[in-house]
Amino acid sequence: MGNEMKLTKLLTSAALALGLATTAMADGHEKTKVGFVFVGPIGDGGWTYEHNKGRLAVEEEFGDKVETVFVESVAEGPDSERVMTQMALDGADLIFTTSFGYMDPTINVAKKFPDVKFEHATGYKRADNVSTYSARFYEGRAIQGHIAGKMTKSNIIGYIGSYPIPEVIRGINSAFIHARKANPDVQFKIVWAYTWFDPAKEADAAKVLIEQGADVVLQHTDSTAPQAAAQEAGNVVTFGQASDMSQYAPFPRVSSIIDDWAPYYIARTKAVMDGTWTSTDTWDGIGAGMVGIGEISDAVPADVKAEALALKASLADGSYHAFTGPLNKQDGTPFLAEGETADDGTLAGMNFYVEGIEGDIPQ
Amino acid sequence: MDLSAINPILFVAGFLVAATPLIFAAIGELVVEKSGTLNLGVEGMMITGAICGFATAVETGSPMLGFAAAAAGGAALSLLFVFLTQVALANQVASGLALTLFGLGLSALMGQSYVGIKPPRLPDINFGPLADIPVIGPILFTHDIILYLGIALVAATWAVLKFTRAGLILRAVGESHDAAHALGYKVVRIRTLAIMFGGACAGLGGAYISLIRVPQWTEGMTAGVGWIALALVVFASWKPWRLLLGAYLFGGITQLQLNLQGAGVAIPVEYLAMSPYLITIIVLVILSRDKSAAPACLGRTFHASS
């Protein structure tokens, strides 16, 4: 009871302090404070590295008018709730939470701080003060799948999955559809690492796939460790994930998906400054520039490169959708009819493999 | 399912490599805990060793110098722990946690210019005809010297603790620092040496990840191996050979589950993913039914006046 009273008091004074801070900001004397919660270290060379580049772009754009704070390597789950709460208590006006597993924590913390704006990456739960944003990485996966299908000699393509969530499954499906189109004999071997960032484990997963005959390895984990493992093996093709990973170009890394969050982060920060921020759901792809395709290196034959670039152009201008029928689900039931494209709702909740992929999705 | 896709020789050779960082970190911590000190900073010392070793190997072109620097780096960081707990008599748990946080930050700072660089490769030892023995050759005789050093270190630790006077003194300090002090042994000095040995081992383990197992430098790349090492020491009930067994079990099952996934075995992946932790714990708990206890003075602060 006594503790509860203390806590209430503490919260009241915190809220008061927050109120004061907000008032001060309205006067234009205070900086806009933008917080970032990262799942890995900013030096991971992949996912978090790119989000941090977005943060730096916000600082550059607004100079003295913003202050950014970030906490890296925050575990998904309850620990992230503590970090977000602390950021909000410290006066953050806008908080970006940059991993799928922060979804429920973000919603929980947002309820407690109605005046703070939250932006959750790759999730699907929104509130009046919670927006969601993501990129159509699966468009990039289509291009990777095409190159992979053309370049594999063993016809075995390895895929390192992180967690079996829609975003990752979408990527696997998109890559598989286009690899099969390019090469009907292609097989996918999928290994779930159950981590976003653990270089040693990612390297082990890559090595196992290579030992089992894969000569192309796609990754949906955040570090460059699989690239190093492929480089060791010598004749294995990889793609940069989330970031260009150009230090492994021109081989094994022959291309990459690059996430470009900077324009979005700048726009949303601006919206908070102007007071025009509203809860939105953003899902942009190659066309809008949120998904970039890293340079396709000379290790890729010229004709394959040309096909990949044509595919990229058709995805960018919307003339082609990465999920276009006829497509069946893994169990043979129809998914998309001839010429039909998948709607965003189906894509957002995708929890099945398309026909041809072996193995089960962990439930 | 296609089990023939798994090459048993590559699999065993792979898990020997995967277990080595764990062996180094855990055997070092075993010695530290035998002396009666609990250092939770293993992760911090590992990651510091990983970057010290990586940077030195890249700058000098010599992986062996890299490993030497990793041991030195880990030991140097452990001196901070020595100062906090043996001189300033601070709480060991808090100091160890601080050491981990400090090590992670320090290594990130030191490693900024080493991202994306390929380190020089430590060659495998040439065993000549031994490596040509079918099955056994490629499994046992195609590794680098550090891997064998890890196994030798376990054997040496076991022998020293069990058969030598030095080992007896170390254990005495860990079981009753007051009695050891009364007998005239320098408790703080002995513990300092043990902690530095632990730091050097953790550093070697970290460098094994950054120079051989991955090989690259990435911030935070030890990703929790230090914590597993700490748990392993307890589950192995402070016995070197059990510790080796536990590390191989853990490394082996980790590799096996990745292999089984790749081969498309119809066991749910969640069970495969948790199996290394589960099986290692179960086996070691069964083994430690003989109630081997922790060193009696583990985690207690010693001051000569008390």
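**Figure 1. The contact between chain B and chain A in the predicted model.** In this predicted model, chain B brings 32 residues to the contact, and chain A brings 31 residues. On the side of chain B that touches chain A, the elements that supply two or more residues are α1 (8-34), α9 (187-213), α11 (240-263) and α12 (269-287) of chain B. Of these, α11(B) gives the most, with six residues. When the residues on this side of chain B are sorted by class, 16 are nonpolar, twelve are polar and four are charged.

**Figure 2. Helix α6 of chain B packed against α11(B).** The axes of helix α6 (residues 145-163) of chain B and α11(B) come within 8 Å of each other, and they cross at roughly 155°. Because angles over 145 degrees count as roughly antiparallel, α6(B) and α11(B) are roughly antiparallel to each other. From α6(B), the residues that make the contact are B:V154, B:T157 and B:W158, while α11(B) contributes B:P240, B:W241, B:L243 and B:L244. Six of the residues in this contact are nonpolar and one is polar, with no charged residue taking part.

**Figure 3. Helices α1 and α10 of chain B.** Two packed helices are described by the angle between their axes and the distance between the axes. For α1(B) and helix α10 (residues 225-235) of chain B, the angle is about 50° and the axes are 8 Å apart, which makes α1(B) oblique to α10(B). The crossing in which α1(B) passes α10(B) is right-handed. On the α1(B) side, the contact is made by B:P21, B:L22, B:A25, B:A26, B:E29, B:L30 and B:E33, and on the α10(B) side by B:V225, B:G226, B:I228, B:A229, B:L230, B:L232 and B:V233. By class, this contact of α1(B) with α10(B) holds eleven nonpolar residues, one polar residue and two charged residues.

**Figure 4. The two assigned domains of chain A and the contact between them.** According to the domain assignment, chain A has domain 1 (2-136 + 261-284) and domain 2 (138-259 + 292-348), and the C-alpha centres of these two domains of chain A lie 31 Å apart. Their contact takes 17 residues from domain 1 of chain A and 16 residues from domain 2 of chain A. On the side of domain 1 of chain A that touches domain 2 of chain A, helix α2 (residues 47-62) of chain A gives the most, with four residues. This side of domain 1 of chain A is made up of eight nonpolar, six polar and three charged residues.

How values were computed. Residues are numbered from 1 along each chain as its sequence is written. Chains are lettered from A and ligands numbered from 1 in the order in which they are written. This is a predicted model: local features need pLDDT of at least 70, side-chain atom pairs count only at pLDDT 80 or more; totals for chains, interfaces and linings use all residues. Domain bounds come from an automatic or database domain assignment. Two residues are in contact if their C-beta atoms, placed from the backbone, lie within 7 Å. Ala, Val, Leu, Ile, Met, Phe, Trp, Tyr, Cys and Pro count as nonpolar, Asp, Glu, Lys and Arg as charged, and the others, Gly among them, as polar. Axes are lines fitted to C-alpha atoms, for helices over the stretch in contact, and angles run from 0 to 180 degrees between N-to-C directions. Angles under 35 degrees count as roughly parallel, over 145 as roughly antiparallel, 65 to 115 as roughly perpendicular and the rest as oblique. A crossing is left-handed if the near helix is turned anticlockwise from the far one by less than a right angle, and right-handed if clockwise.
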